[in-house]
Structure formats: C-alpha cells, structure tokens
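Reader: I would like to go through this structure step by step. Please start with how it should be read.

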Amino acid sequence: MGDRPYVLLSCAMSIDGYIDDATTSRLLLSNDADFDRVDAVRAECDAILVGAHTVRQDNPRLVVRSRARRDARRAQGLPPSPIKVTLTAHGDLDPALSFFTEGDTDKIVYCASPAVEAARERLDGVATIVDSRDPVDLHLVLDDLWARGVRRLLVEGGSSVHTRFLTAGLADEAHVVVAPFFVGDSRATRFVGDGEYPWNSHYRARLAEVRQLGDVVLLRYALSDRCAGKNG
Ligand SMILES: NC(=O)c1ccc[n+]([C@@H]2O[C@H](COP(=O)([O-])OP(=O)(O)OC[C@H]3O[C@@H](n4cnc5c(N)ncnc54)[C@H](OP(=O)(O)O)[C@@H]3O)[C@@H](O)[C@H]2O)c1
C-alpha cells in the first residue's frame with residue numbers, strides 16, 4: 001500500500017451508460033441485493049466521497065444502513081459509518097442537507113481557496129473545511145485524508161468526480177453496476193465525461209470479477225497493481 005488511500009470508485013449505470021436521467025427526481029438503477037452489496041462495501045471503507053452536485057441534487061445520507069455492520073464497526077473502535085467527504089469549487093452547500101445532518105461521523109469539505117471563508121461561515125460546527133487550492137487538488141485531498149487515517153476511500157460519484165479521479169490515474173478499482181434498462185436521453189448524466197483515460201484500446205483495464213445480483217450485473221475492474229485478484 002502506498003502513502004495515499006486505496007481508491008475504489010463505485011457507480012450504477014443504465015445499459016446506455018447513464019448514471020441518472022434528465023429529471024430532478026433520483027433515478028434508481030440498483031436493486032435491493034445491490035444496495036446491500038454497496039452497504040457492505042461502505043462498511044469496509046474509512047471514508048466516502050461524493051461531489052457537491054450530488055450532495056445538493058440527490059441529498060444522499062451516505063451512511064451504513066445495516067445495524068449489524070454499524071455494530072461491527074463500533075466493536076472495532078470505528079465510527080458507525082465512514083467519514084463523509086465532498087469536493088466543492090463554490091462552497092455553496094446547505095448545512096441542512098443529509099450529508100451534514102445524518103450519521104455520527106466526521107464530515108469534511110474540500111473547498112477551492114476562493115470559497116473557503118464563506119464555506120467556513122456557512123458550515124460552522126457541521127463540517128471541517130479544508131482549503132484545497134484552486135481548482136481543488138485531488139492529490140492534496142488524498143494526502144490530507146491519509147493524514148487523517150483514511151486508508152480506504154469509496155468514491156460514489158457523480159460524473160465529474162469520477163472523471164477527475166479516473167483521468168488523473170488516482171483510482172485503484174472500479175465497481176460498475178449495469179441496470180437492465182436504457183435512459184436514452186443525451187441531456188442525462190453519463191458515468192464519465194470527455195478526457196484522456198489511462199485505459200484505452202491499447203491499454204486495457206483488468207476485469208477482476210463479474211457478479212450477477214438479480215437483474216443487475218457488477219463488473220469489478222482492477223485499475224492499479226494495488227487491486228488484488230478476484231477476492232481483493
Ligand atoms: N448512479 C450513480 O451511481 C450515481 C452516483 C452519484 C451521483 N450520480 C448522479 O451524478 C449526477 C451528478 O454528477 P455531476 O458530475 O453533475 O456532479 P458531481 O460529480 O456530483 O459534483 C461536481 C461538483 O463537485 C465540485 N468539485 C470541486 N472540485 C472538484 C474537482 N476537483 N473535481 C470534480 N468536482 C469538483 C463542484 O462543486 P460546486 O458546484 O459546489 O463548486 C462540482 O460542481 C447526479 O445526476 C447524480 O444523480 C449517480
């Protein structure tokens with residue numbers, strides 16, 4: 001293990017590669033079995049990161065849902081749910097969002113320098129605001145998380161966050177779940193945007209596992225040599 005957290009990217013997409021539709025309501029792509037799998041993955045991580053747009057739009061709780069898993073974490077001296085982490089350029093986050101109000105765990109906001117002061121005022125007492133340069137520097141984010149004891153980081157989207165981690169070569173593993181339907185609307189959000197990715201037709205990622213969970217399929221890709229084989 002290097003001196004930055006192991007980074008696991010997780011997303012659910014439609015057959016045509018969308019991670020949401022173009023409406024304001026949240027699109028459910030996973031099924032119950034897969035939500036439970038994600039819950040188990042969350043319980044094994046030290047921190048969960050999502051982009052500020054996902055925090056605002058989806059208002060996710062980002063906590064471990066299973067009581068047994070929360071109890072198991074407590075028994076190991078850990079908080080019941082992983083630390084919550086978000087990235088923001090503008091710092092425009094409402095302290096009433098579930099990201100801040102739910103879960104007995106630390107919340108960290110990595111904020112671009114120009115917005116730090118306003119974010120500290122707005123989120124006083126609910127989150128730690130870290131000045132992360134301008135634009136937000138992912139290497140700084142990972143170094144800071146490592147210094148806070150985070151060894152395993154789960155990145156749960158959205159699209160621009162996934163794009164940034166993948167094009168920077170900072171992901172060790174990806175969990176891609178494909179739901180059995182199409183969105184078929186180019187106004188909707190895709191898994192990732194344009195960019196130069198380390199994996200292409202000449203340099204293929206390693207498919208570490210394929211797992212069927214009811215009507216969805218999990219594709220697990222090893223993106224670095226830190227990702228072990230089938231059970232890693
Ligand atoms: N299906 C899935 O698995 C899944 C999971 C999560 C999200 N989603 C969907 O993804 C969509 C949101 O994706 P998105 O691309 O619009 O937004 P996003 O990735 O959730 O958040 C992007 C925001 O992050 C902030 N940011 C600051 N520094 C950044 C950096 N270095 N790299 C990237 N972002 C940085 C900016 O926030 P500020 O605007 O505050 O400056 C930026 O607007 C939603 O539709 C959501 O439903 C789907």
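Author: This is a predicted model, in which local features need pLDDT of at least 70 and side-chain atom pairs count only at pLDDT 80 or more, while totals for chains, interfaces and linings use all residues. Residues are numbered from 1 along each chain as its sequence is written, and side-chain values use heavy atoms, with hydrogens and water left out.

Reader: In what order do the nine strands form the open sheet?

Author: Strands are DSSP runs of E, at least two residues long, numbered from the N terminus. Two strands pair if DSSP finds at least two bridges between them. The pairing here is mixed, and the order is β5-β4-β3-β2-β6-β1-β7-β9-β8.

Reader: Which strands stand at the edges, each with a single partner strand?

Author: An edge strand has a single partner, so one of its sides is left without a neighbour in the sheet. That is the position of β5 (128–131) and β8 (206–213).

Reader: How many bridges join β7 to β9?

Author: Strand β7 covers residues 173–178 and β9 covers residues 216–222. Glu173 stands opposite Ala222 in β9. The two strands run antiparallel, and the number of bridges is six.

Reader: Which side chain of opposite charge is nearest to Lys84?

Author: Lys84, in strand β3 (residues 83–88), is buried, meaning under 20% relative accessible area with a 1.4 Å probe, protein chains only. Lys and Arg count as positive, Asp and Glu as negative; His and the chain ends are not counted. A salt bridge needs a side-chain nitrogen of Lys or Arg within 4 Å of a carboxyl oxygen of Asp or Glu. Lys84 has none, and the nearest such side chain, 6.4 Å away, is Glu102.

Key: Helices (H or I, at least four residues) and strands (E, at least two) are DSSP runs, numbered from the N terminus. Buried means under 20% relative accessible area, exposed over 50%, partly exposed in between (1.4 Å probe, protein chains only).
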